[in-house]
Amino acid sequence: MEINSQDGRKPDTSQKAVKKERNTDVFRHRISVRDLVEFVMSSGDIDNRRTSGAKKEAMQEGSRLHRKIQKRMGSSYQAEVPMKHTVRMEQFDILIEGRADGVITEEKGSTIDEIKCMYFDISRLTNPVPVHLAQAMCYGYFWCLEKKLTSAGLQITYCQIETEEIKRFRQERSFNELEEWFQGLIHEYAKWAEYLYHHSISRQKSLKDLNFPFPYRKGQKELAVNVYRAIAREKNLYIQAPTGIGKTLSVIFPALKAMGEGFGEKLFYLTAKTVTCRVAEEAFDLLRKKGLSLLSITITAKEKLCFLEQPECNPEACPYAKGHYDRVNEAVFAVISREFAITRDKVAAYAREYQVCPFEFCLDISNWADAIICDYNYVFDPNVCLKRYFAEGKKGEYLFLIDEAHNLVSRARDIYSAALVKEEILFAKRLVKERSPKLARLLESCNKSMLELKRECENYKTLEDMNHLAVQITGMFSELELFMEDYPEFEERDLLLDFYFNVRDFIEVFHQMDDGYEIYSQMLEDKRFMVRLFCINPSGRLRNYIAMGKSTIFFSATMLPILYYKELLSGDPKDYAIYAESPFSPERRLLLVARDVSSRYSRRTEQEYQKIASYIREIVKGKNGNYMVFCPSYQYLRELKEILKEDPLSRFRLLVQESRMDEAEREAFLAEFQKENIENSHKDLNGGKEDTELKNSLVALCVMGGIFGEGIDLKEERLIGAIVIGTGLPMVCLEQELLKQYFDRHGRQGFSYAYQYPGMNKVMQAAGRVIRTMKDEGVIALLDQRFLNPDYLALFPKEWCNFQETNLNQAGRQVKEFWESRG
């Protein structure tokens, strides 16, 4: 192995020079200085008793203090010095690059300055953190090579964020010391780079040779071409893709082909639900059968992966946490050398074999994966996101494929909002007062400020400014962090840890707020008092993460109206958008819109419930089978359930969604649709008896927008009808009204943005449960006369243009005629 520097004592080893010398293309593996030292020097235990923020660098405030420290350093100080260094291996090069915070050039020599800003009490540091020193040593070595120096000074500058206190550690290292240390570092990393070299060759060849596995359906090729084009041009794309088009494969395939042409290096397939993760896994498996050589990893939540009943990530409670970092690299190399499709079960199996934490192991595998299948949180949530990719805000060769992207609006609002409750501050004070009077006093000051806000609030109040409270909270948090460090174990620590995370989130959100926020205080129903930072338009926050990738593809069967989603997701109306053609034959679906019922609150009477029950019975009479009825609320569902149970004419089997169903209960509910519920379903029903017909049918009462309202696949005769009651409007509440007022102020249609568009999305998702494949056929009934208003008709997807109006007297006949026409 020979080590060379581009501008130092050895010959130029830039990619151009290497190509000329070897007369061949050179594989160049790039890695940052920070990633290299953190990876190779990994060791020790996982221990969450030390707060995650205690020694972490604070990115936003840290950047400001970096600049402030650098400006103080005088004319001999050069800030933000880019450095790179190439290590030449036998078949490939390793390019290590980074940016030294500062280089001090004086007559006596040069000193590398590495600045780290922390919430941690830096007075407790007696030596520099090893990985921080290692970063400085890398830059010192590069600088000596470039400037032909015999030694370099290494200075680690620590700054405490709240107090701006500075503490420095300085040492001198000779060039020979630095060179010997660096060669040892690279020696440890060499086998990983070699793996990447061979894997990259295999992957790229397979991507170039990959063909679409099926004949294209109508609209599918156009969709795939548009995805490829958007990625190649580094644009964002919104896709309204009707059910049945095969959107998952139609998006993944062109993204992989774009990677094969060098338009991306790592693919993130982002989902809101576990079931869509499985769909993505199946798509990759299918393409592997066609020759794809690609490593994919599915990231599963810690609570689901953990081998303990309750995650306790410290070496005393968990044997997998003890020594985890000593063993994890060996475990990672084993799994990536043997597997291509790394699922939850494989992660667990290897984690047990190598005695490592399965969740942290899973995250480490993702470093080497070509495709990462995960929840939205792992890209967009600052507390959960994969910090190895997104913490420093740098742009990467990433492609983001966001499935069911309509869900990202509400999810992002939750992620980027935060709240503080006065009573929780008092509770924290009671927990700490015996151990830390200083922290108790700071908590009491915060409580008094909250009390002043409470006195001004009768029900709720929007707040123009809360800077004074934020300053107090930030100061208290610094002391709270020290407390958590000093007391890693006490009886009620978990309760205080919850408070710690809430405060941390509140501070982070406060510092990141933009004009898409509303601050308000509110008296809660249980008499507690809350101050909330409410994210109304999350596009500003999302845009920061989207910008870290090369291209983002938003796709869903319910992305209407597209301009609404553009405004709330990427915030750029110029982003590309397409409406994929549906391959589904309209003759296979009957869409009815009732003109004589409504779910308005003023119409929720016994008579109206009876009428809805009659609609259900008339539709189910048309054909034996499985049906879902989507109700506007649990209360509505319960009213309807009682009527159907007592109705002697409703002799079908009744299945009811309960609130807070666990995973086993959800699976049992869906399993009912797999049973042989349909006897004589293909007979001529004219010859059968009505009672027999209904007994052979299943009617499931569900809540619109709930767990069965989207993301489930009940194909062919497992579901032949969906009855949607009402327009899906969210309940009127404070935050919905704040949404409405915000968009009205910004020249938008506040009611549409806050109520109508989200409601219609739930309607379309519920209706979409019926048509899942090209073989499906069924009935969709929209039971609310408001659907016939022009503002609702304008929101219908174009596949719904052949809907039929109906009333209770006509519905049974229309359904019967439809099924007779299907033969």
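Four strands form an open sheet in the order E14-E17-E16-E15, with antiparallel pairing. The edge positions belong to strand E14 (418-421) and strand E15 (460-463); each has a single partner strand, so one side of each is left without a neighbour in the sheet. From one strand to the next, the twist averages 20°. The model is predicted.

- Strand E15 pairs with strand E16 (residues 517-523) in the antiparallel sense, over four bridges.
- Within this pairing, Thr 462 has Tyr 520 in E16 as its bridge partner.

**Helix H6**

- Helix H6 comprises residues 220-232, 13 residues in total. From its first C-alpha to its last the helix reaches 19 Å, close to the 18 Å expected at 1.5 Å a residue.
- Which residues of H6 are buried? They are Gln 220, Leu 223, Ala 224, Asn 226, Val 227, Ala 230 and Ile 231.
- The elements against which the buried residues of H6 pack include one helix, H7 (247-260). The strands in contact with them are E8 (237-240), E13 (398-403), E18 (551-556) and E19 (576-579).
- After H6 comes Glu 234, which has a positive phi, near 55°.

**Strand E25**

- Is strand E25 (residues 778-783) mostly covered or mostly uncovered? It is mostly covered, with six of its six residues buried.
- Gly 778, Ile 780 and Leu 782 point one way from E25, whereas Val 779, Ala 781 and Leu 783 point the other way. All of these residues are buried, on the one side as on the other.

**Partners of strand E25**

- Strand E20 (residues 589-594) pairs with E25 in the parallel sense, over five bridges. Val 593 stands opposite Leu 782 in this strand.
- Strand E24 (residues 721-725) also runs parallel to E25 and is joined to E25 by five bridges. Here the bridge partner of Gly 721 is Val 779 in E25.

How values were computed: Residues are numbered from 1 along each chain as its sequence is written. This is a predicted model: local features need pLDDT of at least 70, side-chain atom pairs count only at pLDDT 80 or more; totals for chains, interfaces and linings use all residues. Side-chain values use heavy atoms; hydrogens and water are left out. Two strands pair if DSSP finds at least two bridges between them. Helices (H or I, at least four residues) and strands (E, at least two) are DSSP runs, numbered from the N terminus. Axes are lines fitted to C-alpha atoms, for helices over the stretch in contact, and angles run from 0 to 180 degrees between N-to-C directions. The expected span of a helix is 1.5 Å times one less than its number of residues. Buried means under 20% relative accessible area, exposed over 50%, partly exposed in between (1.4 Å probe, protein chains only). Contact means heavy atoms within 4.5 Å.
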